[in-house]
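Please consult the sequence and the structure displayed below while reading.

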Amino acid sequence: MSGAISARQQEVQRIIDALSMAIAQHRLKPGVRLVEAQIVEALSANRNHVQAALQRLALQHIVTIAPNRGAKVAQPTAREAREVFIARRAIERAMLAGISVDKMALHGDEIEAHLQGEGAAAASEDRRDIVRQLSQFHLLLAKISDNRVLTEMLSNLMVRSSLIVALYQRNDRPECQCQEHRAIIAALRAGNVTEAQTVMDDHLNFIEQQLELDVTPAAPVSLLDALSGW
């Protein structure tokens, strides 16, 4: 029985991960209807599992579910956008405070591989890859901090941030903040958490300043296209 429960949980999580990744990479835009039958087809999933995944995402404010209207990707308001960035600044400052020089050394190879990936994405001007790399940087720091609660909170905020950026970013192509990321890494390697926190605050402030909180979302792609390959 426990194995059956575990398998169900894993399948629900797979669906959550697929939808979250599509949202984080801007393949699923804010306001897109999430038709259960299409998700079942795209992910070769069980309808009950899809429903459970959508309910979980609704609890995380990534999806909204309305009676007789079904589910759709959330459309954050301007107020929510500001509040998400306030939360991110608090969470990421706490996260950085938990990163020691020893932890940085332990993850040295992973850090270098990520920084190289960021540089390659910026050079290729691949919008989707740039978005993915920028998000992964923050999640990598969360992993290094080794605080599961902060990591869970940040993972949710990163997906919600992606929705906000998709709705409100001034420029269609995201700017790669590779130098800021490298400055944060250098400060943490030197044991200067305060400097790392200052750079992170400036980094998040810059991202927020690139938002225009009075625009409407661009035309979405289809759900089947967004989930292709999963």
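This is a predicted model: local features need pLDDT of at least 70, side-chain atom pairs count only at pLDDT 80 or more; totals for chains, interfaces and linings use all residues.

Residues are numbered from 1 along each chain as its sequence is written, and side-chain values use heavy atoms, with hydrogens and water left out.

**Largest pocket**

- The largest pocket holds about 530 Å³ of space; a pocket is an open set of points on a 1 Å grid over the protein atoms alone, where a 1.4 Å probe fits, with protein on both sides within 12 Å along at least five of seven lines.
- Its lining comprises 19 residues, of which Asp17, Ser20, Ser155, Asn156 and Val159 are the closest to the centre; lining residues have an atom within 4 Å of a point.
- H1, helix H7 (127-145) and helix H8 (148-168) each contribute at least two lining residues, and the largest share, six residues, belongs to H1. Helices are DSSP runs (H or I, at least four residues) numbered from the N terminus.

**Nonpolar cores**

- The largest nonpolar core contains 33 residues, and Leu96, Leu141, Ile184 and Leu188 have the most contacts inside it. Such a core is a set of buried Ala, Val, Leu, Ile, Met, Phe, Trp, Tyr and Cys residues joined through side-chain atoms within 4.5 Å.
- H8 provides the largest share of this core, eight residues.
- Isoleucine 184 touches Leu96, Phe137, Leu141, Ala196, Val199 and Met200, not counting residues up to four places away in sequence; contact means heavy atoms within 4.5 Å.
- A second, separate core has 27 residues, including Ile15, Ala18, Ile62 and Val63.

**Glutamate 11**

- Glutamate 11 lies in helix H1 (residues 2-24) and counts as buried because its relative accessibility is 19%; buried means under 20% relative accessible area, exposed over 50%, and partly exposed in between (1.4 Å probe, protein chains only).
- Its side chain makes a polar contact of 2.7 Å with the side chain of arginine 14. A polar contact is a pair of N or O atoms within 3.5 Å; within protein, one must be able to donate a hydrogen and the other to accept it, and residues adjacent in sequence count only if both atoms are side-chain atoms.

**Lysine 143**

- Lysine 143, in helix H7, is partly exposed, with a relative accessible area of 45%.
- The side chains of lysine 143 and glutamate 110 are joined by a polar contact of 2.9 Å.

Note on methods. Grid points are joined across faces, edges and corners, and a volume is the space filled by probe spheres set on the points.
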